[in-house]
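User: I would like to learn how to read helix packing and sheet architecture from a set of coordinates. Could you take me through an example, beginning with a helix contact?

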Amino acid sequence: MASEETPKAGPSHVAIIMDGNGRWATSRGKPRLFGHHAGAKRVREIVEACPEVGVKYLTIFAFSTENWKRTQSEVAGLMSLFRRYITAEAKALNKKGVCVRFIGDRVRLDPKLVKLMDDLEELTADNTSVNLTIALNYGGRDEVARAIKRVAQDAASGVIDADSVDESTLTRYLDTRVLPDPDLVIRTSGEARISNFLLWQSAYSEYEFIDTLWPDFTAEIFADIIENYGGRERRFGAVLSET
Ligand code: IPE
Ligand code: IPE
Ligand code: MG
């Protein structure tokens with residue numbers, strides 16, 4: 001064996017909990033929605049940085065199943081921001097070869113928004129430069145519950161055998177079925193919790209909690225975190241080297 005260490009592979013799938021928009025706006029004496037608009041503007045730079053830092057899959061948390069608890073005006077403002085964002089960014093995302101997918105429950109979303117989401121998925125389906133997944137009305141528990149419901153329905157109708165249900169079955173029924181598990185989950189804004197994001201999928205993910213508020217997050221900060229990840233030893237429950 002060569003004596004020098006082989007460099008550890010960087011993360012292929014990075015998931016980001018984009019938090020801190022509200023505080024960013026409030027600290028400037030502005031309404032919370034101002035922070036959401038500033039936050040949405042950060043996304044493009046991070047998506048564009050992915051190929052440079054070797055990230056193939058980027059998954060971003062835009063709206064949780066619990067975020068409906070916010071004021072009606074904040075929720076309405078966010079929903080209209082999502083519509084505007086998709087409309088404004090669709091062409092550029094497609095041109096950059098980004099394949100966009102959405103995860104989360106679409107049933108509660110406005111049909112006009114769902115149509116824009118479906119169209120963007122269709123437009124970018126064959127792209128391969130970056131896989132961008134946007135979690136919208138997404139909750140990890142909700143996703144698992146919806147998956148179990150379909151597993152139960154398929155077992156009842158004989159499509160699958162209940163005795164054969166295992167981890168890989170459930171994985172195939174999740175919204176994320178075509179995605180690998182995230183290698184790294186980043187949360188901005190100093191909160192060290194996962195707030196119902198990718199519960200099943202992040203069982204062995206590395207976590208990086210940083211104080212930066214999402215509207216201040218830059219490609220440089222992203223690149224630093226990716227570089228730092230290279231030094232981590234992931235064991236997946238095994239013992240890799242005797243110490
Ligand atoms: C994250 O920023 C965006 C969404 C949850 C939609 P927040 O709106 O949670 O910002 P803070 O945490 O209140 O600062
Ligand atoms: C998580 O942030 C959801 C998103 C970033 C979309 P929240 O701000 O909703 O989470 P909590 O309430 O602080 O746990
Ligand atoms: Mg928050």
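Analyst: Contact here means heavy atoms within 4.5 Å, and by that criterion Glu45, Ile46, Ala49, Cys50 and Val53 in H2 meet Ala219, Phe222, Ala223 and Ile226 in H7. The residues of this H2 and H7 contact divide into eight nonpolar, no polar and one charged, where Ala, Val, Leu, Ile, Met, Phe, Trp, Tyr, Cys and Pro count as nonpolar, Asp, Glu, Lys and Arg as charged, and the others, Gly among them, as polar. This is a predicted model, in which local features need pLDDT of at least 70 and side-chain atom pairs count only at pLDDT 80 or more, whereas totals for chains, interfaces and linings use all residues. Side-chain values use heavy atoms, with hydrogens and water left out, residues are numbered from 1 along each chain as its sequence is written, and chains are lettered from A and ligands numbered from 1 in the order in which they are written.

User: What is the angle at which the axes of H2 and H7 cross, and how is such a value to be read?

Analyst: Axes are lines fitted to C-alpha atoms, for helices over the stretch in contact, and angles run from 0 to 180 degrees between N-to-C directions; helices (H or I, at least four residues) and strands (E, at least two) are DSSP runs, numbered from the N terminus. The axes of helix H2 (residues 32–53) and helix H7 (residues 219–229) cross at roughly 40° and come within 9 Å. Angles under 35 degrees count as roughly parallel, over 145 as roughly antiparallel, 65 to 115 as roughly perpendicular and the rest as oblique, and H2 and H7 are therefore oblique to each other. A crossing is left-handed if the near helix is turned anticlockwise from the far one by less than a right angle, and right-handed if clockwise; H2 passes H7 in a right-handed crossing.

User: How do H2 and H3 cross?

Analyst: Their axes come within 10 Å and cross at roughly 25°, so H2 and H3 are roughly parallel to each other, and the crossing is right-handed. Among the residues making the contact are His36, Ala40 and Val47 of H2 and Gly77, Leu81 and Tyr85 of H3. By class, the contact of H2 with H3 has nine nonpolar, four polar and five charged residues.

User: Which handedness does the crossing of H3 and H4 have, and at what angle do they pack?

Analyst: Helix H3 (residues 72–95) and helix H4 (residues 111–124) pack at an angle of about 15°, with their axes 10 Å apart, which makes H3 roughly parallel to H4. The crossing of H3 and H4 is left-handed. The contact includes Phe82, Ile86 and Ala90 of H3 and Leu113, Leu116 and Leu120 of H4, and its residues divide into 10 nonpolar, three polar and two charged.

User: In what order do the strands of the sheet lie?

Analyst: Two strands pair if DSSP finds at least two bridges between them, and here six strands form an open sheet in the order E3-E4-E2-E1-E5-E6, with parallel pairing. The edge strands, strand E3 (98–103) and strand E6 (206–209), each pair on one side only, and the twist averages 20° from one strand to the next. Four bridges join strand E5 (residues 184–187) to E6, with Leu184 standing opposite Glu206 in E6. H3 packs on the sheet, touching strand E2 (57–64), E3 and strand E4 (130–138), and the direction of H3 makes about 155° with that of E2.
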